[in-house]
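Hi everyone, thanks for coming. Let me put the structure up, and then we can walk through a few parts of it together.

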Amino acid sequence: MAFDGITVAAVAKELGDTLAGGRITKIAQPETDELLLTIKTSDGAYRLYISASASLPLIYLTDENKPSPMTAPNFCMLLRKHIGNGRITKVSQPGLERIIHLDIEHLDELGDLCRKKLIIEIMGKHSNIIFCDDKDRIIDSIKHVNAQMSSVREVLPGRDYFIPDTMAKLNPLTAAQEDFVKALKEKPSFLGKAIYTSFTGLSPLAAEEICSLAGIESNMTARDLTYDMLAHLYRQFSYYMENVKLGSFKPGIYYDKNGPKEFSAIPLSHFTQYTLKEFDSISQVLKTYYATKNTLTRIRQKSTDLRHVVQISLERNRKKYDLQSKQLKDTENRDKYKVYGELINIYGYSLPAGAKELTALNYYTDQEITIPLDPTMTPLENSQKYFAKYNKQKRTFEALTELIQETAGDIQYLESISNALDIAMNEADLAQIKEELMQSGYIRRKFTKKKVKLTSKPLHYISSDGYHMYVGKNNLQNDELTFSFASGNDWWFHAKGAPGSHVIVKTKGNELPDRTFEEAGRLAAYYSKNRGSDKVEIDYVEKKHVKKPNGAKPGFVVYYTNYSLVIDSDISDIENVQD
């Protein structure tokens with residue numbers, strides 16, 4: 001579910017119940033668009049995580065800490081100066097906007113009581129954290145927005161803070177029946193869309209739920225409904241919004257076989273096909289639902305430079321491969337010129353001077369062919385010309401065949417690094433991939449006294465039958481797993497014909513159950529470019545049959561005997577061990 005106004009209402013209520021009266025004891029800014037506040041209350045200390053990330057804005061209570069930069073950013077220093085040790089007096093949400101206000105009291109340098117506001121706007125790419133005085137004048141913000149960036153509102157120190165009303169939506173908490181019916185009738189779109197585009201803070205999922213509660217199809221229009229049906233729809237809308245007004249939230253996450261599908265602060269009656277897991281707080285829901293997504297989003301942002309290097313090299317090698325393939329195709333008829341030379345040598349003695357062609361029997365095919373001749377040359381010179389052309393194309397063919405194999409190997413290798421970037425989970429993974437790119441010459445190594453310590457480890461799973469399974473997250477780990485960690489009778493798995501991880505299953509000297517083979521195959525499928533496919537072909541073989549050619553790139557192996565299985569890439573039921 002989108003981080004809509006209802007979710008924000010649930011967060012605001014939880015923060016108000018938990019943090020009101022608490023003192024801010026620590027302010028950190030782990031990322032350029034993140035804050036982590038530590039608040040001490042009579043019930044204990046809490047951490048409030050706030051992200052104004054354009055791709056994944058969030059706010060929730062957490063018990064996890066995050067490392068901060070050695071030098072605090074200016075916005076963090078400003079907050080420490082003004083509201084360090086400040087007391088949160090109130091947490092509120094204006095209407096059903098995706099906005100939370102933290103009202104804070106603090107003492108200034110003279111000991112006078114002052115009031116400030118920390119305003120968190122959860123608005124997609126327009127998300128921001130804005131610090132204002134008691135007159136709603138902006139002191140500073142984590143993101144500055146000038147007139148060139150937005151014609152609607154500037155977010156700069158000294159400007160007055162206001163909520164831009166660009167959509168002219170109604171407040172669903174106060175909308176009367178007449179306003180509700182009028183708003184829907186003015187929209188020619190389907191009911192579901194008409195609801196969430198007419199009222200502030202409602203997501204498409206919430207609109208779908210309201211229609212479901214009323215027993216009305218969301219793909220109908222308001223003009224298709226009678227007044228009684230619209231009145232009934234409004235009553236269900238009011239009952240639904242009453243939960244928000246009263247703070248009657250029951251946060252939960254809906255799961256399908258592939259993992260979390262949606263979350264909601266209020267139960268979704270129309271989600272009968274999914275399994276609901278209820279939580280005690282909306283913060284637990286957001287942390288659980290977004291934890292992996294948030295981490296992967298951050299890692300993807302931090303891997304931009306590495307992805308750029310890999311992508312540029314891939315494009316260059318693919319163009320090279322296409323050019324080499326075209327040149328190789330031009331040499332396909334090289335043997336024809338050899339035959340021409342031979343036939344001219346055999347039959348050329350009978351040619352008259354200045355002949356422009358020779359028609360002769362091709363003894364390779366028993367068919368007559370016509371050979372073009374240069375009338376200014378003798379038969380011998382024409383023959384030598386064709387032999388020279390044949391030899392040139394033969395040399396080109398031999399050279400290009402080797403070059404194409406080399407280029408194809410480079411493409412395969414770069415695609416494996418691209419896959420490693422896709423499955424990287426933390427900065428340690430990125431550091432190891434960067435080291436690999438430096439070893440392979442794609443990135444120039446900077447000479448520095450400080451040596452980067454590589455701490456990334458392979459993924460560790462345990463099969464349903466208790467066998468340990470390990471997954472390499474990049475080519476260096478693949479080599480380490482296969483040729484240093486695995487024993488000869490352990491089993492090795494890899495997606496056939498696709499970049500992906502090496503998967504090693506430790507056999508403990510036993511014969512593996514079929515279920516373990518299947519689970520290892522799913523891991524190999526999931527950690528490959530074919531992730532998400534229902535049918536992925538997996539090669540598997542005992543490790544002793546896997547060899548590494550001399551001079552081969554990291555992660556490249558050969559094997560000449562193997563078994564195969566076709567399986568999906570669903571690993572939701574496989575136990576992951578956090579080493």
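Let me start with a definition: buried means under 20% relative accessible area, exposed means over 50%, and partly exposed is in between, with a 1.4 Å probe and protein chains only. This is a predicted model, where local features need pLDDT of at least 70, side-chain atom pairs count only at pLDDT 80 or more, and totals for chains, interfaces and linings use all residues. Residues are numbered from 1 along each chain as its sequence is written, and side-chain values use heavy atoms, leaving out hydrogens and water.

You'll find Tyr363 in the loop between β13 (357-362) and β14 (367-372); helices (H or I, at least four residues) and strands (E, at least two) are DSSP runs, numbered from the N terminus.

Now to helix α6, residues 227-246. The expected span of a helix is 1.5 Å times one less than its number of residues. For the 20 residues of α6 that gives 28 Å, and the end C-alpha atoms are 28 Å apart, which agrees. Among the buried residues of α6 are Leu230, Phe237 and Val244. The buried residues of α6 pack against α1 (5-19), α3 (177-185), α4 (191-198) and α5 (204-214), with contact meaning heavy atoms within 4.5 Å. After α6 comes Gly247, with a positive phi near 70°.

Last, the hairpin: β1 and β2 form one, with five residues between them. Strands β1 (residues 23-28) and β2 (residues 34-41) pair in the antiparallel sense over five bridges; pairing takes at least two DSSP bridges. Within this pair, Ala28 stands opposite Leu36 in β2.
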